[in-house]
Amino acid sequence: MRDLECKVLKNQRVGAYTYLMEVEFPYTESILPGHFFMVRSWDGLDPLSRRAFAVADKGKDSLVFYYDVVGRATTLMAKLREGERVSILGPLGKNLFPLEGEKHLLLGGGIGLSGLSLLAKELRRLGKEVFVCYGARSSQGLAMKEWLKNSGLNHRIFTDDGSEGEKGSVLDCLKDFGKEWIVHACGPKAMLRALQGMAEDKKVYLSLEAPMACGWGVCLGCVVRSKDGKFLRVCYEGPVFDFQEVVF
Ligand SMILES: Cc1cc2nc3c(=O)[nH]c(=O)nc-3n(C[C@H](O)[C@H](O)[C@H](O)COP(=O)(O)OP(=O)(O)OC[C@H]3O[C@@H](n4cnc5c(N)ncnc54)[C@H](O)[C@@H]3O)c2cc1C
Ligand code: FES
């Protein structure tokens, strides 16, 4: 884990409320799918804590994050200009996406796809079969659509209102994939909860989000329960969990 002030290489709007930020980071070899960083782009105590963002991609000397502007911290992040510095702490997360198995179905809800894009890239590098289902409430929430199209990955797109792709939810595609497909999902809590009730015949891994203050296991702000009642810190025992093991 490193705590660095990194140069912003890019911070541009790529959707109705989504930004792509690329930062200089010379230690990318250790970054694996599922890792996240705690980010701070402001001085002072408002907001008090850093915010968590998944690594969406990595280059030789850089990291890419996609983020939705939803509140104070992300509004401040969107003001960062190229060449300015941003404080990042990471990589964080001890339990990451498993890469075993030959067929992998990735379900990304909204900005949740940014938690899966590095996984898609790595699985493909390993010669695995990868299929991505990407969905949002409407076309406005599909900020990573261009990334997905350019990636060359097999994919389907869904929107709740039918404004783009198929009308429906990413979960609708589950019935078209047999139990040999390992499912990896990241997205809104409601989507992940619904998935828990739908895919008993499959191996499913969820990358969870929870309010985080520290990101490395000390504040207990991010706990969820295991099926047998124990506390699990999303930042430390996660962020990826077998869907049979976690209650959230
Ligand atoms: C491990 C992890 C990885 C994440 N990766 C990404 C990412 O790649 N891209 C991205 O856009 N967002 C990601 N998030 C969510 C991101 O951390 C929050 O959107 C951010 O903290 C919001 O900060 P804010 O001050 O702008 O908004 P706030 O004012 O703090 O919150 C605005 C709204 O978002 C909700 N919210 C805030 N934090 C979280 C959270 N951690 N989980 C769920 N809801 C939250 C609040 O309840 C509120 O409704 C991730 C969260 C975690 C825990
Ligand atoms: S964010 Fe502090 S323990 Fe998880």
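Before the first stop, one convention: two strands pair if DSSP finds at least two bridges between them. Helices (H or I, at least four residues) and strands (E, at least two) are DSSP runs, numbered from the N terminus. Residues are numbered from 1 along each chain as its sequence is written, while chains are lettered from A and ligands numbered from 1 in the order in which they are written. You're looking at a predicted model, where local features need pLDDT of at least 70 and side-chain atom pairs count only at pLDDT 80 or more, though totals for chains, interfaces and linings use all residues.

**Stop 1: the sheet.** Switch to cartoon and find the open sheet of seven strands, ordered E11-E10-E9-E8-E12-E13-E16, with mixed pairing. Strand E11 (166–167) and E16 sit at the edges with a single partner strand each, so one side of each has no neighbour in the sheet.

**Stop 2: E9 and E10.** Select 129–136 for E9 and 154–159 for E10. The two run parallel, joined by six bridges. Zoom in on Phe131, and you'll see Asn154 of E10 opposite.

**Stop 3: E13.** Now pick 204–207. Which residues lie on each face of E13? Val204 and Leu206 are on one side, Tyr205 and Ser207 on the other, and all are buried (20 or more other C-beta atoms within 10 Å of a residue's own, with C-beta atoms placed from the backbone). On to E16 (240–242): here the pairing with E13 is antiparallel, over three bridges, and Leu206 stands opposite Phe241.

**Stop 4: helix H2.** Select 117–125 and colour the buried residues: Ser117, Leu118, Leu119, Ala120 and Leu123. They pack (C-beta atoms, placed from the backbone, within 7 Å) against strands E5, E8, E9 and E12 and helix H3. After H2 comes Gly127, with a positive phi near 80°.

**Last stop: ligand 1.** Show the 23 residues around ligand 1 (C-beta atom, placed from the backbone, within 6 Å of it); Arg51, Ala52, Gly71, Ala73 and Thr74 come nearest. Strand E4 (51–54), strand E6 (62–68) and helix H1 (72–77) each supply at least two residues of this shell. Colour by domain too: domain 1 (2–92) and domain 2 (103–207) each give at least three residues, with the bounds coming from an automatic or database domain assignment.

Key. A residue is buried if 20 or more other C-beta atoms lie within 10 Å of its own, exposed if 12 or fewer, and partly exposed in between; C-beta atoms are placed from the backbone. Two residues are in contact if their C-beta atoms, placed from the backbone, lie within 7 Å.
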